Amino acid sequence: MRTLQKAIRENNHNNLSVFFTAGFPRIDSTGEILSILNDTEVNFIEIGIPFSDPLADGPVIQHSSTVALHNGMTLELLFSQLKAVKGKITKPYLLMGYLNSLLAMGIEAFYSKCFESGVRHIIIPDLPIKEYLKEHKPFADKSGVSPVFLITPSTSEKRIHEIDGISNAFIYLVSGNTTTGNQSEMQTGSIINITAMKLKNPVIIGFGINSRVDYLQACALADGAIIGSAFISNISQSKNLKSDIPQFINKIKTINLIGK
Amino acid sequence: MKTYTQTSDGYYGKFGGAYIPELLFNNVDELQKNYKRIIASAVFQKQLKSLLKDYVGRPTPLYFSAALSERYKARIFLKREDLNHTGAHKINNALGQALLAKMMGKQKIVAETGAGQHGVATATACTLLGLSCVVFMGETDIARQAPNVARMKMLGATVIPSVSGTKTLKDATNDAIRYWINHAADTHYIIGSVVGPHPYPDMVTHFQSVISKEIKRQLLKQTGEAEPDYVIACVGGGSNAAGAFYHFLKSKKTKLIGAEAAGKGIDSHETAATLTIGSVGIIHGSKTYLMQNKDGQITEPYSISAGLDYPGIGPLHAHLHETKQASYLAITDDEALKAAKELIKLDGIIPALESAHAFAVLPKMKFKPTDIVVINLSGRGDKDMDTYLKYL
Ligand SMILES: Cc1ncc(COP(=O)(O)O)c(C=O)c1O
């Protein structure tokens with residue numbers, strides 16, 4: 001099987017990933033959005049586990065979490081939604097969430113359910129590296145799941161190399177010191193320094209990416225971009241996901257913009 | 001003997017640590033690496049000591065309550081943190097951290113507040129030290145603690161309502177942390193209790209430990225004994241309790257009792273009794289007990305007292321609870337109100353609603369007449385007059 005890392009490399013600095021919150025806007029939207037995205041130019045997909053207290057998230061993702069939880073979304077249900085569609089989804093999908101959700105399910109159960117649902121990578125922003133290595137890695141390895149870690153433009157070089165050493169998909173570079181959804185100036189100088197470090201993993205830029213210009217800049221500086229809040233805002237206003245999602249993606253990724 | 005230790009990673013037994021997104025790594029790392037050195041430095045010690053004495057009014061009295069002693073058949077002393085400048089123990093920590101922030105070269109402060117006591121204390125410390133101050137406060141708390149909102153504003157702080165989640169202390173804390181992420185370079189976050197990622201629990205405990213340091217000295221002078229039989233304190237996040245317990249953690253004699261808020265009762269779903277009904281997880285960057293459902297969603301706490309209305313608890317208390325080195329009792333709204341009424345009548349002291357929870361422990365205990373009991377009177381009740389007028 002082609003690994004995510006290999007797939008990202010093959011796309012040659014042109015990776016687009018989209019993040020959306022499971023159970024939003026409706027409880028059964030998860031599989032539908034995943035299937036629609038699967039047929040677009042998106043390269044891989046991140047699915048957010050809704051959490052009551054998402055510390056690293058700005059208002060848009062907070063709101064989507066609140067609505068999803070209000071809809072009755074749970075991690076257990078998310079896994080069963082994924083199992084139901086996994087045969088039809090050809091693009092890699094990751095889970096992103098907070099450590100408390102994982103602990104509530106139990107570490108071992110979480111990783112084995114990831115495996116059963118076709119999830120090969122997870123992003124847990126508040127999971128310290130040391131704790132991952134000590135308490136999670138044995139179970140993650142057993143289930144063939146590996147983590148993606150966040151870095152910022154101010155993460156030390158030593159720490160970036162440490163993270164690179166234990167990662168096998170990509171490194172998630174947060175565009176600036178900001179919560180999700182904030183427009184922040186991309187710190188070009190620091191990003192160039194990071195990509196010049198000869199890391200074994202590709203670097204994908206996220207947080208605050210919301211336009212084709214941002215996407216192209218991220219592709220020029222690194223290996224691609226992740227769009228979260230802008231995508232969620234778009235689907236929250238959508239009356240027709242089937243047409244609006246591809247249109248949104250096309251505006252970001254297709255060379256010849258359709259529509260305006 | 002009690003075993004109280006904190007590892008270099010900030011763990012008390014299995015509780016504590018720093019579960020933070022990478023966005024805060026540098027800030028928290030900078031604090032972890034510097035706080036002990038700065039706090040131990042002679043300049044810092046000298047400045048804080050003089051401010052605590054001349055500005056805050058420390059040492060606060062240890063007052064022997066003849067009336068309560070008579071009523072509960074023990075020797076009952078009140079540690080008068082209510083007599084601090086700004087009306088509660090919160091200033092001990094706010095001033096210490098503001099001074100620390102200044103020495104680390106930060107010009108801006110962000111804080112969360114529940115009852116508004118920590119917000120007022122932080123706004124005060126910032127005015128005194130020339131720092132700018134932003135305070136997040138849940139919309140619900142803004143409505144029920146109006147006098148403190150007015151005080152913060154008068155002191156020049158920017159008060160931002162938290163409208164996320166349940167609009168109380170937990171959400172104000174989330175928003176303060178998010179603000180810190182977005183202003184990491186020039187801002188220090190003054191957390192108001194012994195919660196949050198390492199080094200906050202240890203640092204706040206340190207700044208509050210002046211309470212038990214004074215109790216020890218005062219008690220020796222007044223009774224000939226340095227160690228009481230009991231120390232009783234209310235527990236929201238647990239800072240006044242941590243401060244009142246600290247110098248007795250190694251005592252074989254002293255029994256430590258925390259009073260958490262049961263709200264309308266521990267089975268009512270309207271409660272904030274974290275240790276009684278909670279389970280282990282992560283809240284605000286710390287591994288500790290918290291109130292959550294089986295999906296790991298943090299649930300809405302309730303207490304009549306805004307300062308105890310928090311679904312987590314400091315990792316030190318989680319550890320003391322789990323290892324049975326301290327006991328924690330759940331006190332209902334009604335029990336707290338009754339205790340406040342009694343203190344007002346017997347001693348002429350209007351306590352903060354939070355502190356009233358500690359006094360409500362008295363009728364639940366069986367003391368020996370010789371027992372020395374210290375209750376930490378964490379704050380005064382001016383801010384709670386509306387509630388008292390309604391219920392008492
Ligand atoms: C007077 C008073 N006591 C106690 C508390 C609870 O905090 P902690 O448990 O950290 O002492 C508060 C919080 O606002 C307070 O204002």
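How many residue pairs are in polar contact across the interface of chain B and chain A? The rule finds 22, with both residues at pLDDT 80 or more. Keep in mind that this is a predicted model.

Which elements of chain B take part? Helices H1(B) and H8(B) and strands E11(B) and E12(B) each give two or more residues to the side that touches chain A. H8(B), residues 169–182, gives the largest share, six residues. By class, that side has 13 nonpolar, nine polar and seven charged residues.

Now the salt bridges. The rule finds five across this interface. In one of them, Glu131(A) meets Lys287(B), at 3.0 Å from N to O.

Next, the area. Interface size is often given as the accessible area lost when the parts come together. Here, about 2600 Å² is buried between chain B and chain A, and carbon and sulfur atoms give 48% of that. On the chain B side, Glu22(B), Leu23(B) and Arg178(B) lose the most area, together 25% of what that side buries.

On to the sheet in chain B. Six strands form an open sheet, in the order E3-E4-E14-E9-E10-E13, with mixed pairing. Which are the edge strands? They are E3(B) and E13(B), and each pairs on one side only. Neighbouring strands are turned by 30 degrees against each other on average, direction ignored.

Look at one pair. E4(B) and E14(B) run parallel over six bridges. Arg80(B) has Leu377(B) as its bridge partner there.

Last, a helix. H14(B) lies across E3, E4, E10 and E13 of chain B, at about 90 degrees to E13(B).

Terms used. Residues numbered from 1 in each chain as written. Chains lettered and ligands numbered in written order. Predicted model: local features only at pLDDT ≥ 70, side-chain atom pairs only at ≥ 80, totals over all residues. Heavy atoms only, no water. Buried area = accessible area lost by both parts, 1.4 Å probe. Salt bridge = Lys/Arg side-chain N within 4 Å of Asp/Glu carboxyl O. Polar contact = N/O pair within 3.5 Å; in protein donor to acceptor, adjacent residues only side chain to side chain. Helix = DSSP H or I, 4+ residues; strand = E, 2+ residues; numbered from the N terminus. Nonpolar A, V, L, I, M, F, W, Y, C, P; charged D, E, K, R; others polar. Pairing = 2+ DSSP bridges. Axes fitted to C-alpha atoms, helices over the stretch in contact; angles between N-to-C directions. Contact = heavy atoms within 4.5 Å.
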